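I opened the model and kept notes as I went. The entries follow the order in which I looked things up.

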Amino acid sequence: MGLFGGGYDKPGKGVDKNEPKKKGFFLFFDVLIHKFSKFIGANCLYSLVSILWAAILFVVGMFMLANTGIVTSLAAAMEGTGIGEADLQVILAIMFAVSVFVLWGSGPASAAYAYVNRCFTRGEPVWVASDGKDKFKENFKQGMIVVIIDLLVLVLGMNAVHFYYSLYAESGSILWMLLTYVMVLALIIYTMMHPYLYQMMVTFECKTGALYKNALIITLAKLPGNFFLLLFDAAVLFALFLFINPIAAALIIAVIGLCITRYPGEFYAARVIERSILKDMKKKQPKIEYIEEDA
């Protein structure tokens with residue numbers, strides 16, 4: 001089944017029962033190395049299924065950039081580089097679309113991708129194409145609700161940031177700057193929630209409201225780790241777009257870059273849910289005692 005599937009029916013060397021179980025970074029890199037070819041298959045399939053959402057994000061980016069003075073200001077600062085205002089707008093829109101796709105996901109496709117990544121993390125057998133397809137269908141409705149909410153939050157949130165900052169620039173009032181900071185902070189926290197949204201979506205059966213509530217609680221409880229992962233992803237994306245052609249950077253991210261931008265968050269979220277929720281649920285389950293009847 002090549003990159004997208006099997007190989008599980010082939011006998012391997014097995015695992016030494018006395019070998020200590022890997023944890024933390026050691027487990028992360030062990031999974032990444034041993035499942036690397038399957039990661040490539042999962043990345044390609046995930047990116048292909050998400051093309052329509054990426055195109056929508058590109059259009060949204062173009063529209064939002066056209067209604068702000070960011071492109072004009074940057075074009076003036078970059079005068080002499082040979083990059084015109086129209087080209088710069090396209091470049092920024094590509095960067096915007098790819099960044100939102102990586103950090104926020106793409107609805108049902110992200111649910112399927114989260115499930116595959118969870119199986120990799122737990123060492124469970126999974127067929128990327130067939131199992132991913134099943135999870136895509138199973139979580140289609142809730143995944144679409146999440147992606148619609150994402151679109152609303154994205155448009156309203158970014159417009160609010162621009163609106164408050166414009167009022168601050170005009171009036172110099174600290175109130176508008178504080179509101180700008182509040183909106184930016186809210187968008188950052190919302191961004192960090194996404195790995196938990198999709199990991200919980202494929203792990204538990206819960207309503208969308210409960211999904212967001214629990215994702216917010218875990219995000220805040222694990223804030224340092226989540227913030228570090230967000231900074232890391234932002235640094236990787238910035239470096240790729242800074243030193244590589246934007247289209248080439250987008251292709252690199254779609255094929256291999258998700259291993260270092262998307263998977264760390266999925267890995268961390270899956271481990272947090274397993275340690276903090278699933279183990280606690282198992283402890284609370286009542287033990288059943290079996291009594292043998294006398295013959």
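**Entry 1: ground rules and fold.** I took helices (H or I, at least four residues) and strands (E, at least two) as DSSP runs, numbered from the N terminus. With that rule I found 13 helices and 0 strands in the chain. From the N terminus on, the elements read α-α-α-α-α-α-α-α-α-α-α-α-α. The model is predicted, so I noted the limits: local features need pLDDT of at least 70, side-chain atom pairs count only at pLDDT 80 or more, and totals for chains, interfaces and linings use all residues. Residues are numbered from 1 along each chain as its sequence is written, and side-chain values use heavy atoms, with hydrogens and water left out.

**Entry 2: burial.** I call a residue buried under 20% relative accessible area, exposed over 50% and partly exposed in between (1.4 Å probe, protein chains only). The chain has 295 residues, and buried residues make up 42% of them. Then I looked at H6 (residues 108-122). H6 is mostly covered, with 14 of its 15 residues buried.

**Entry 3: helix lengths.** The expected span of a helix is 1.5 Å times one less than its number of residues. For the 15 residues of H6 that gives 21 Å, and the end C-alpha atoms are 21 Å apart, which agrees. Just after H6, glycine 123 takes a positive phi of about 75°. H5 has 20 residues and should span 28 Å; its end C-alpha atoms are 28 Å apart, which agrees. Glycine 105 follows H5, and its phi is positive, near 90°.

**Entry 4: H9.** H9 has 28 residues and reaches 40 Å from its first C-alpha to its last, close to the 40 Å expected. Where does H9 bend? I found a bend of about 35° at methionine 193. The bend is the angle between axes fitted to the seven residues ending there and the seven starting there. Proline 195 follows within four residues.

Entry 5: Next I searched for space. Rolling a probe the size of a water molecule over the atoms shows where empty space is left. I used a 1 Å grid over the protein atoms alone: a cavity is a set of points where a 1.4 Å probe fits but cannot get out, and a pocket is an open set with protein on both sides within 12 Å along at least five of seven lines. Lining residues have an atom within 4 Å of a point. Grid points are joined across faces, edges and corners, and a volume is the space filled by probe spheres set on the points.

The largest pocket holds about 1200 Å³ of space. It is lined by 32 residues, and Phe96, Ser99, Val100, Leu154 and Met158 lie nearest its centre. H3 (51-66), H5 (85-104), H8 (140-171), H9 (174-201) and H11 (223-243) each supply at least two lining residues. For classes, I counted Ala, Val, Leu, Ile, Met, Phe, Trp, Tyr, Cys and Pro as nonpolar, Asp, Glu, Lys and Arg as charged, and the others, Gly among them, as polar. The pocket lining has 25 nonpolar, 7 polar and no charged residues.

**Entry 6: the cavity.** How many cavities of 30 Å³ or more are there? The count comes to 1. The largest cavity has a volume of about 190 Å³. Of its 16 lining residues, Thr191, Pro195, Leu229, Asp233 and Gly265 are the closest to the centre. H5, H9, H11 and H13 (263-284) give two or more residues each to this lining. The cavity lining divides into 9 nonpolar, 4 polar and 3 charged residues.

**Entry 7: cysteines.** A disulfide is a pair of cysteine sulfur atoms within 2.5 Å. I counted 0 disulfides. Cysteine 259 is in none; the nearest cysteine sulfur, that of cysteine 44, is 9.4 Å away. Is cysteine 259 buried or exposed? It counts as buried, because its relative accessibility is 3%. Cysteine 206 counts as partly exposed at 23%.

**Entry 8: single residues.** Arginine 262 sits in the loop between H12 (246-261) and H13. Its relative accessible area is 4%, so arginine 262 is buried. Its C-alpha is 9.6 Å from that of leucine 229, 33 residues apart along the chain. Alanine 215 lies in H10 (residues 208-221) and counts as buried at 0%. Alanine 215 and tyrosine 196 are 5.3 Å apart, C-alpha to C-alpha, and 19 residues apart in sequence.
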